[in-house]
Amino acid sequence: MAGIYFMAFFGLIHIARGTDPCTSAQLIDEPLRSTGYTAQNPSIDQLFCDRQLAPGWYKFNGGLKLATTCQTEYHCNTHLPMWMNGTHPAALGTIVTNTICAIEMDQGCCSYQSTVNVTNCGTFFAYELEPAPGCHMSYCAGSGTPCLPHQTSATGLAPGCYDKFPQMLSSPHLSNPILTPGSFKFQCDINFDHARRDVGFDVQFLFDDKPDRNVPPVHITDGVTRHADLNQNLLKGHMGQNVSCAVRTFFLTPPKPGTHFNSTYIPSNIYWIGIKTYTNRLVVGENENPKTVSIYSTVPIRCPPQHAKTCNLEIELDPINNNGQLTLVKDCNVHFTPAMWNPKTNRATTTFHVSATRDGKADKDIFLHFNPIYTADASPIFNKYQVPLMQILTKDKNTSTCSCTDDPHCRTLDTTFTKKGSYLDYYLIGEFTMYNSTTRDFQVQVRTWKCNHRVSCNCGVAMKEGNNVVILDMCHTQYGTSFPRIVFPNNSSHRMVVNRDKAGNSWTVSFPSGAQVKVTNSRGVALNVHITAPEVDFSGTEGLCGFFDGNRDNDLTYPTGKIATFPTNRSQNNNFVESWRIPVGDSFFDKTPAIDPKLNRDMYYCKCDQKVKGQVTCSIDGNTARPAVYGELNPANGRRRRAASTTLPDDYPADYYFDYGLSFQPQLLANFPSVNGKSRAEAENACNSAIDNNPTLQQCIAKAGLDFSNEKDICIEDFKYFDNGELVRSALHTAIYKCIDHVLRNVSLHDTSGNPPAYVTSELCPDYDCNDNGACANGTCICNHGFVGDSCEINSQKAPMLYGVISTSYIGKSVLCDVTDRECVTSYVHGDNIYDNSRLSCKVRVMQFDGHGFVYKGHTFTTGVVYRSMYDVGCRLPTKAFIGGQTVVGFNISVTNDGHTYSNEITAVRTDSHCANCLKSGTSCTVKPGTCLIEGNCRTAGEVNAKNKNQQCDPTHSQTAWANTQPVTPAESHTVTTPPTAPQGGTYLKRFDIWTFSQSGCQCAHNHALYTCACCDVGGCQCQAPHSNQCVKCEDTHICGHPLAAPSNGVDGYTIAISGCKCRFDPSQSNCACCRIGIGACPCGRTQRNQCAACDFMYQCGNKPWIFGPPMA
């Protein structure tokens, strides 16, 4: 049974006395609430959830009535249907109280219960409904057969259903470029019956899934046209992006007068427009014949007829001379002409030559960099576009790649270099040196966390070369739901290049030395790390990647110089791994290295050869000027230093608790079955199928002679612990990376012009296999129906899933944002399946503080989004001006990809620590002594109400309401007597309830003028009438009316017994308090060892001397 998520609601709103429910009832018009409807595909269908329903009176369209019989799962388009156990009143105006029932956790039909008031309004019934306790639960109403989702009727039920809009049975199709006189266009073809003349279409053209206001939508109303054109001139500013179209339908003449419906937009395929080289890496040798580099455009070069003679597109290599000054060198460029367009391949291709020389300096890898395009001889759509740079790898014997992937399996530098099999496994938790250069300042460190409770996986990577420090870290949130965030701790990015895919699944960091680190994310489970070593590090490395000298037998070298034997089969040597553990507090994660100007290093770029026309010379001779590089990340996007007396921005990374795993022992399985009982045969089938059926790997086996038996072996081993297939794709990606790296370095596999084969360059798709949700064609993913994104990573039929708020404090899983520390204008949330497109937005429901918790009062906003990855976005919060100037306020946040279907809700709370102490869960807050929290803002004692000078903050009178400065009359006075201090060691005091200090004498939450309500212990909240003489734990208001007497139910809300449990400060003693389990209770220290308190607020220890007595020795 799927999990149900519960949230407590405080201070339910009731209709004021005298209000007529029949005239005030709000309309619910959702025919799928009918008992006659069952969700067909609960994992995709947008199930109803009434957790967001504001308390109040409601009626159902068409006079439908709440269901009065038991409803099983997934009826009424929800998971757990809510029905009424009782009868409807027959007499007009009569109000009766019945029971609301629902199945709860596979129990009986009425295992969940609440109450509902019902009144007969003549033509309909009105119901006083409360929010559902969790999702997905909602009320059932009616019993007819609902119209299909694309249909409607007067009641929403059959009979009489008719189509709201014409149905498109297939997606629109965006054509390849179509040549027109002097230009070209894309055509969006609408696949719809040409015989129909009653249908209209709206067509939007999208660029990276977003519209451009300069490209107006096409409105088709002639009933005949089935296409829309996107002309060349409208592509300006969009080179390097994916072009697509989206279509929605409508009836030209509405089926019913006065109605008009549009369908949702249905997206087409995508087409990437731009220019790039066939490979982003080229291997060249010293003084070899020049290599031919192919560069292609996916759009044709077209000019008006009057400019046909001069029509061409020129692209220049950035002309950098030895002194770093720009010079005008006209020979180093490439040209595209109209005649180069090939309509069969949809590419215009040309070539240029690259040669390499050496000057006796230490070998380095270098980069080929192009100027931004500006042309007067071709269409201006190319202007300002910059061809991606290309890395030039020197053909050396002494470069290699090291990798640590999955849970983790490490392939050392010499393992790759010597082409021997075998991996080193390690399953330890902590921080380790993966790669360290002993000849220069370059190091890569990894953090590992507990993976599936048995083994470990990489969750963080820290890289340093010179003053460049880059950290990719997903250890900051929960295993399985995390995402990598990038941080530049010292704000330096001196000549390095960082590239990331759009979805946030892959990162590549290129350093000036030619060292490169590629990191990929396996769905929040593990980071896979691949390090390419430059030649300069040959015979100069140490760490988990081994000693790089071409001899794998000495790879397992300890820091002491001791050498362990490298086995011929995959093995685990935790002693070797342990020797490279970084002492706690010394890693780049915990300690930012100081900047040393002497360590700054330049990146080297190719230059134009002024002697050989049209040839690029890649020589190490000081070409160090830094051009503007696309894909470079601004370090300001990483960690920013805090200025004195200022608040931090909301995206500033917070510190977090990390388990260094010093006592962790892996729990390994010697053999199958897996953790969930699956067999080795099932593992072999999953792993062999993934690797054997991949087209790229088939080519690698057939043409490069590679063997992937080790990768299969690793995949099968991982399946023991991850038998849901989480790491099968990771093993596939590791195999593909191995193939690409091998083929790019092995020039014997390149063609006669020096170009590597297409199966590792232009034919590779994003994420290699389109996430198994599409087919790869010429380097572009053609997504299956219902999937979108560059690599088909987004399921458009599912709403996003949110996991939580990204914590802004050291406290784990905290939803709080403190205005004394942060700006608190954007709440960053993490989840999955978040799609960066024009309809991406947040829905924010404002929850007002009622003195104890946060209550929804009907204010909802749609706000903008800061997109960071498919796992990580920022939701803009409503400004204080729109929510009554309140500072301390809660927000229930959900995200939508399409503006219609929303994710689950998560809670964020903006607080002010000047006066508020809030639980990290955000469910309740208390007001600090000597302060007030009035109308959502902190007030100091004696502060006067700006709106009424006769009122002020008087904490002795009320901490949540203004107090009159006039003398208090005897009738208004109130006294709560504190019991005498208990004897030392405490006493089992008999009390009405474990959360209730006094049954009367405190200000009522529902009426601040009254002081006849219960006084609550810390952590408790007043119940609503008729139980306002009782307090309950703030998250448990549903048990109001059922007091938990002390001491039969414990000493207080957090303490079960004052003695009998082991002491944390001295486990040899068993005379400490026993704490209540599951509510965040922690034992107090030595002097209050007979008491427990809320873990978040341990200062409360000693606050109940009438129960626990004076401090103990």
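Mentor: Contact here means heavy atoms within 4.5 Å, and buried means under 20% relative accessible area, exposed over 50%, partly exposed in between (1.4 Å probe, protein chains only). Helices (H or I, at least four residues) and strands (E, at least two) are DSSP runs, numbered from the N terminus. Keep in mind that this is a predicted model: local features need pLDDT of at least 70, side-chain atom pairs count only at pLDDT 80 or more, and totals for chains, interfaces and linings use all residues. Residues are numbered from 1 along each chain as its sequence is written, and side-chain values use heavy atoms, with hydrogens and water left out.

Trainee: Which residues of α4 are buried?

Mentor: First, the general idea: an α-helix has 3.6 residues a turn, so residues three or four places apart point the same way. In α4, the buried ones include Ala 683, Cys 687 and Ile 691. Looking down the helix axis, the buried residues fall within an arc of 45° (taken from the directions from the axis to the C-beta atoms), so they line one face of α4. On the face turned away from that buried side sit the exposed residues Ala 681 and Asn 685.

Trainee: How far apart are the end C-alpha atoms of α4?

Mentor: The expected span of a helix is 1.5 Å times one less than its number of residues. For α4 (residues 680-692), 13 residues should span 18 Å, and the end C-alpha atoms are 17 Å apart, which agrees.

Trainee: On to strands. What is the strand order in the open sheet?

Mentor: Two strands pair if DSSP finds at least two bridges between them. Here five strands line up as β52-β59-β58-β54-β55, with mixed pairing. β52 (816-818) and β55 (854-863) are the edge strands, each pairing on one side only.

Trainee: How many bridges join β54 to β55?

Mentor: Seven, and β54 (residues 841-849) runs antiparallel to β55. Val 844, for instance, has Phe 861 in β55 as its bridge partner.

Trainee: And β57: which strands run antiparallel to it?

Mentor: β53 (residues 826-832) does, joined to β57 by five bridges, and so does β56 (residues 865-869), joined by four. Take Gly 874 in β57: it is the bridge partner of Tyr 828 and also of Val 866. A hairpin of two residues links β56 to β57. As for cover, four of the five residues of β57 (residues 872-876) are buried.
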